[in-house]
Amino acid sequence: MSGASGTPYAAAVLRGLVDAGEDVDLVVSRASRLTLLDETGISFRDAHWRDDLREWLSRGADGKPRTFDVDVSGVRHWSAGDLAAGPSSGSYPAKGMLIVPASTAAVAGVALGLSKDLLQRVASVTLKERRPLVVAVRETPLHGQTLRHLVALDDAGAVVLPASPAFYAGATHIQDLVDFVAGRALDAVGVAHTLYRRWEGELGAAYRADRGTA
């Protein structure tokens with residue numbers, strides 16, 4: 001998780017991974033802690049990370065507390081400054097990596113192959129080990145240098161997944177829009193979920209279903 005705005009996207013992805021029974025290695029960058037504090041009022045503290053994570057993931061995208069009941073026992077947190085952490089090595093077992101949300105700074109660091117913090121290091125390891133890397137960039141507009149970095153990531157085998165909600169799934173709430181992006185990120189790494197209504201080839205199906213019409 002990098003410092004871009006979009007902490008609800010990260011929360012939805014984490015809930016999706018936990019619900020799917022996946023073990024999760026979580027890296028929260030220093031900048032993302034500031035964003036989390038700004039967007040949710042939650043301070044993510046190393047000494048109390050489980051309590052802070054549980055409080056955060058229980059909230060909906062609208063900030064309403066106790067919206068979700070989440071078991072975080074399958075999550076392991078690694079400090080962003082811990083370059084000796086398990087995921088920093090290619091021999092550490094992992095299925096892939098999702099950077100949600102991905103700031104332009106994170107995009108640049110990964111594209112250039114930097115290892116200034118654990119997030120960048122794990123991304124570099126993920127690419128060299130040919131594991132899936134999903135980069136959910138959350139910024140607009142994008143300038144030329146960032147676009148070039150995104151092309152470099154695509155060339156390196158990463159999935160560039162802009163945090164762009166769609167409306168064909170019949171969204172009626174902000175959580176629906178967030179869950180669509182989270183679901184697409186999970187799709188990219190092959191994690192099963194039911195976060196959004198999939199396209200079935202029938203025009204107007206989502207509209208009619210949401211309104212109870214035939």
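View 1. Leu53 touches Leu14, Leu26, Phe44, Val72 and Val75, leaving aside residues up to four places away in sequence; contact means heavy atoms within 4.5 Å. The model is predicted: local features need pLDDT of at least 70, side-chain atom pairs count only at pLDDT 80 or more, and totals for chains, interfaces and linings use all residues. Residues are numbered from 1 along each chain as its sequence is written, and side-chain values use heavy atoms, with hydrogens and water left out. Leu53 belongs to helix H3 (residues 49-57); helices (H or I, at least four residues) and strands (E, at least two) are DSSP runs numbered from the N terminus. With 0% relative accessibility, Leu53 counts as buried; buried means under 20% relative accessible area, exposed over 50% and partly exposed in between (1.4 Å probe, protein chains only). A separation of 9.1 Å lies between the C-alpha atoms of Leu53 and Ala11, which are 42 residues apart along the chain.

**View 2. Strands E1 and E2.** E1 and E2 run parallel and are joined by five bridges; two strands pair if DSSP finds at least two bridges between them. Val27 stands opposite Trp78 in E2. E1 is mostly covered, with four of its five residues buried.

**View 3. The open sheet E3-E4-E5.** Three strands form an open sheet in the order E3-E4-E5, with parallel pairing. Strand E3 (97-102) and strand E5 (159-160) stand at the edges with a single partner strand each, so one side of each has no neighbour in the sheet. Four bridges connect E3 to strand E4 (residues 133-137). Val134 in E4 is the bridge partner of Leu98.

**View 4. Helix H5 and its cover.** Of the eleven residues of H5, eight are buried, among them Leu118, Val122 and Val125. The cover over the buried residues includes strand E1 (24-28), strand E2 (75-79), E3, helix H4 (104-111) and E4. At the N-terminal end, Asp117 caps H5, with a side-chain oxygen 3.3 Å from the backbone nitrogen of Leu119. Just after H5, Arg130 takes a positive phi of about 60°.

**View 5. Thr126 in helix H5.** Thr126 lies in H5 (residues 118-128) and is buried, with a relative accessible area of 4%. Not counting residues up to four places away in sequence, Thr126 touches Met97, Arg131, Pro132 and Leu133.

**View 6. The largest pocket.** The largest pocket holds about 720 Å³ of space. On a 1 Å grid over the protein atoms alone, a pocket is an open set of points where a 1.4 Å probe fits, with protein on both sides within 12 Å along at least five of seven lines, and lining residues have an atom within 4 Å of a point. Its lining has 29 residues, of which Val24, Asp25, Gly96, Met97 and Leu98 lie nearest the centre. Helix H1 (7-19), E1, E3 and H5 each supply at least two lining residues. The lining divides into 22 nonpolar, two polar and five charged residues.

**View 7. The second largest pocket.** The second largest pocket holds about 240 Å³ of space. It is lined by 13 residues, and the closest to its centre are Ser29, Ala31, Ala105, Asp117 and Gln120. Helix H2 (30-40), H4 and H5 each give two or more residues to this lining.

Notes: Polar contact = N/O pair within 3.5 Å; in protein donor to acceptor, adjacent residues only side chain to side chain. Points joined across faces, edges and corners; volume = space filled by probe spheres on them. Nonpolar A, V, L, I, M, F, W, Y, C, P; charged D, E, K, R; others polar.
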